Amino acid sequence: MAINDLEVNQGKVEIEGEITEMEEVREFSKFGKEGRVCNATVKDDSGSIKLTLWNEQIDMVKEGDKIKISNGYVKEWQGEKQLSVGKYGSLEVLN
């Protein structure tokens with residue numbers, strides 16, 4: 001599947017791409033639980049998309065890594081498509 005083909009509210013997304021940018025990690029507290037979130041940009045030959053990384057996923061990847069996302073989903077945030085691994089998906093570093 002190519003990044004340019006991804007649609008908002010699409011599930012069962014399987015893509016491979018390269019992390020080209022990682023933004024600053026933000027910490028949050030929700031329902032009394034601490035957590036971390038980071039937006040990254042992942043690209044393939046067709047284009048790029050924001051990837052939302054949570055907690056331990058942030059420590060798994062760095063800029064330049066090739067990754068594979070299985071069973072991810074696409075949502076819209078502030079008018080922009082974002083890819084997320086979610087609870088049932090997986091993120092794998094390929095290099």
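Visitor: Does Lys62 count as buried or exposed?

Guide: This is a predicted model in which local features need pLDDT of at least 70, side-chain atom pairs count only at pLDDT 80 or more, and totals for chains, interfaces and linings use all residues. Residues are numbered from 1 along each chain as its sequence is written, and side-chain values use heavy atoms, leaving out hydrogens and water. Buried means under 20% relative accessible area, exposed over 50%, and partly exposed in between (1.4 Å probe, protein chains only). At 54% relative accessibility, Lys62 therefore counts as exposed.

Visitor: With which residue does Lys62 meet in a salt bridge?

Guide: A salt bridge requires a side-chain nitrogen of Lys or Arg within 4 Å of a carboxyl oxygen of Asp or Glu. For Lys62 the N to O distance is 3.1 Å. The partner is buried, its relative accessible area being 4%: it is Asp65.

Visitor: How many residues has the largest nonpolar core?

Guide: Such a core is a set of buried Ala, Val, Leu, Ile, Met, Phe, Trp, Tyr and Cys residues joined through side-chain atoms within 4.5 Å. Those with the most contacts inside it include Ile15, Leu51 and Ile67. The number of residues is 19.
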